[in-house]
Amino acid sequence: MTVRRGDTGSVILEGACTVEDAEPLLQLLQANPTPAVDWTTCSQLHTAVIQVILASGAQIGPCGDAWVRQWLAPELPQKGKPG
Amino acid sequence: MSALQEQFVTEARELVRQATEDLIALERDGASPERIDRVFRAFHTLKGSAGVVELPAMGIMLHAAEDLLAAVREGALAVDAEIVDTALGCLDQVSRWVNDFETAHALPVRAGEDGRAMAERLRALLPGRKGQQAGPAAQDSEAQGSGSLLPEWVARLVAAQRDAMVSGAPGRLFAATAICYEPLAGCFYTGDDPLQLMRQIPGLLAFHIEPREPFGPLAELDPYDCKLRLLAISAGDPHTIAAIFRLVPDQVRIITIPPGFLAAAAESPAHREQSLVRKVIEAQCELLRVPDRREDFAGCLGAAARAAANALRRGRLPHLADTIERAAALALAQRDAGPLLSALEQALADFADSPSTSGPDGGDRPIAAATGSSERPADRVLRVSEAKIENLVNLAGELVVARNALAYSARRVEQDFGGSEAARSVQRDRDAIDRLVSELHGTVLQLRMVPVAQLFGSFPRLIRDVARQLDKNVALVTRGETTEVDKTIMDRLFEPMVHLVRNALDHGVEDREQRRAAGKSEAATISIAASRVGDRLVVEVTDDGRGIDPAVVRRKASEQRLLPEEELSALTDEAVVDLVFAAGFSTASAVSDISGRGIGMDVVRSAIDQIGGRVSLQSQVGIGTTVRLDLPMTIAMSRIMVVEAAGQLFGIAMDAVSETVRVTPGEVSSIKSNDGFVLHDRVVPIISLAELMKLPGRRPDATAARLLVVMETAGRIAALEIDAIRDRLDVVLKPMQGLLAGARGYAGTTLLGNGQVLLVLDMKEILP
């Protein structure tokens, strides 16, 4: 499992997030009225996971996936540093 | 055959049909860029699919055809008959190979040589061809050359990521490649990771990911429905990029951006346009600030407002333009430039805030919807195999039979328990099922309805080829292509139609000289029109040729001894013209390659008869001929009458029955051994069905009234004597099968409500 709820209520993505992680991620985000994702410790993101993050409009801090950090993150609204 | 191969066969046929149509239109109506483009795309797609199912011979040939069409598209080559001929020849070869591929799962052994030979023929038409420079690059770049051909999303992406591009680029002019990848909605299920493909793009300069349509509420998101569009610009080699996306060629567009475009993008088109709009508005403001231009105040104000509004519309800000126009009206009314001036100033301020000027970070807004419109529209048509539809039609047919069985049971209940609550309930349910089954059956039959355009589509090619062969100038006009008809009818209509069109071309249309001499235009017209008249389909094939001369037909018929002389001379001109449908009749003095072998029109009539249609012909000497086919819309359902003779039940098609009468012995007169009676001033022979079917029957009671079914078929009238009329039914006729397939006199069989098999008689064959 690479998707879990963090202490501060944000959803933490760790390691390589595969297509199977999209659904649990979505469920966690749906359960949270102010969704936030901590993706600093993930190493690789699947497109399905990216789509959920895009749709939720929530993410925090620099992405652990270097490619995503370079090409995708600049386009996304930042929500401050991870707590 | 794998699903992929099956799909290839279906698609290839469709593409060949479409390309043929467009090629002929190209030759006939001239070369419009869209049409050339369509032909080009058809060949391009064919080549692509040939590659997918690994048919290199087809690929080689189509590649050459594509080069030729590319030259046409670029204007380096004008379309002439030779190019069209060769391209059509290439399509013919594709058709043959597709047939081979379907039956043998492979191309013939000689395919390689044939393909190369055809490729040579195609290349020979290329203007000043130098060596073999048909670079494969052409296949990957859908748009090359000037930047104006680039889709809007490329410009957007370049503009939006200008900063990234400038830092990523070596600062010189260079070509780049733009990639637009729209993964299928279900791609996650098939294990695709679209981003993974994007990660492999070498020399990435810009990247953007966006939903194809705005995401709905998070609660309704389906995480496994891919709704994304991925855009990228790369400085990498287009071939490498194409190789990365080789498995999803249908979902990706790879476009070469010419050198210089990126440099120009530093001052992006959108940006340039915006600054122009701004300048125009500023100029109007200055103009309005000039005081004291009383005499032409209104004109000056109007001009300023118009200029500003037009500029804003051009800058895609119509709402601001509207505000300006409203302010101008107010200013005119008040004879004060103030309101307009402040509106213009407001517009300048708004303009600065509007999203289209927000620069590189405007990325979370979906890139212009124009991206979608440049793609092909989503095809909402479901492709279902004919066999499945056939199965469904059969099942619906069986259901109709079962409904008839229910009606039978309901009647028995009514007889035994008439008036009871149970009987009423059964009756009610029966009515409901009756209605539903009728509706269902109608809807299912509707599935088989196809527009006649599919049938008409083959005629432009036929007419073109035959007209060239005969050196005639013939234009085809088709009307009513959207009229729908049952697929079975359409399939059976094809051959008779080919005969009719060939006849019109060969016999109807005169030579060029004859037409000139007759004072007609050299170009003849053949029109094929379909229309719906009640529940019948009427197809008319009309030519404006020489018409059919009754005198000539009379002479030929007499020479060919079609009828005894006295009968022939008694015929009216109309009836004589109808003789062209007689077997063995031909007016052609010489047998040509096209028609005139004395077969044709009689084949047409019998083919149309078989599907329950009628053929008639109208002709005026010197003006032209119209052949009219009057056809049923569907042949799946027949209305029959169930009659009893000598204790056996038979079905008679209702369309043959004109009336049923009861005659008293006094009305019947006997001529030799035959009985007859007078109905509406005509003598109608009486034929006993029992005798006709050689059933052991009692002699009819000489004093009792006799029940007769009067039928008119094939121009004859007869009264069939029966013992009783049992029922009228809508049935699905099944043709005689197996051992009985050859039995004459039967139209088919159907199951009765009680499970009994009912033989339905073919009255045309049975009446003596």
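Two strands are taken to pair if DSSP finds at least two bridges between them. Helices (H or I, at least four residues) and strands (E, at least two) are DSSP runs, numbered from the N terminus. The structure is a predicted model, in which local features need pLDDT of at least 70, side-chain atom pairs count only at pLDDT 80 or more, and totals for chains, interfaces and linings use all residues. Residues are numbered from 1 along each chain as its sequence is written, while chains are lettered from A and ligands numbered from 1 in the order in which they are written.

In chain B, eight bridges join strand β8 (residues 524-533) to strand β9 (residues 536-543). The two strands run antiparallel. B:S527 has B:T542 of β9(B) as its bridge partner. Both strands belong to an open, five-stranded sheet of chain B with the order β6-β8-β9-β11-β10. Its pairing is mixed. Strands β6 (474-479) and β10 (614-620) of chain B form the edges, each pairing on one side only. From one strand to the next, the twist averages 15°.

Helices pack on this sheet. Helix α20 (residues 459-470) of chain B touches β6 and β8 of chain B, where contact means C-beta atoms, placed from the backbone, within 7 Å. The direction of α20(B) makes about 165° with that of β6(B). Axes are lines fitted to C-alpha atoms, for helices over the stretch in contact, and angles run from 0 to 180 degrees between N-to-C directions. Helix α21 (residues 487-508) of chain B lies across β6, β8, β9 and β11 (624-632) of chain B. It runs at about 175° to β11(B).

Elsewhere in chain B, helices α13 (residues 297-314) and α14 (residues 318-334) pack at about 170°, with axes 8 Å apart. The pair is therefore roughly antiparallel (over 145 degrees; under 35 is roughly parallel, 65 to 115 roughly perpendicular, the rest oblique). Contacting residues include B:L301 and B:A305 of α13(B) and B:I324 and B:A328 of α14(B). The contact divides into 13 nonpolar, one polar and two charged residues. Ala, Val, Leu, Ile, Met, Phe, Trp, Tyr, Cys and Pro count as nonpolar, Asp, Glu, Lys and Arg as charged, and the others, Gly among them, as polar.

Chain A has a mean pLDDT of 80, and 88% of its residues reach 70 or more. pLDDT is the predictor's confidence in each residue, from 0 to 100. Over residues 79-83 of chain A, pLDDT stays under 50. Where pLDDT is low, the predicted coordinates should not be read in detail.

Definitions and conventions. Contact = placed C-beta atoms within 7 Å.
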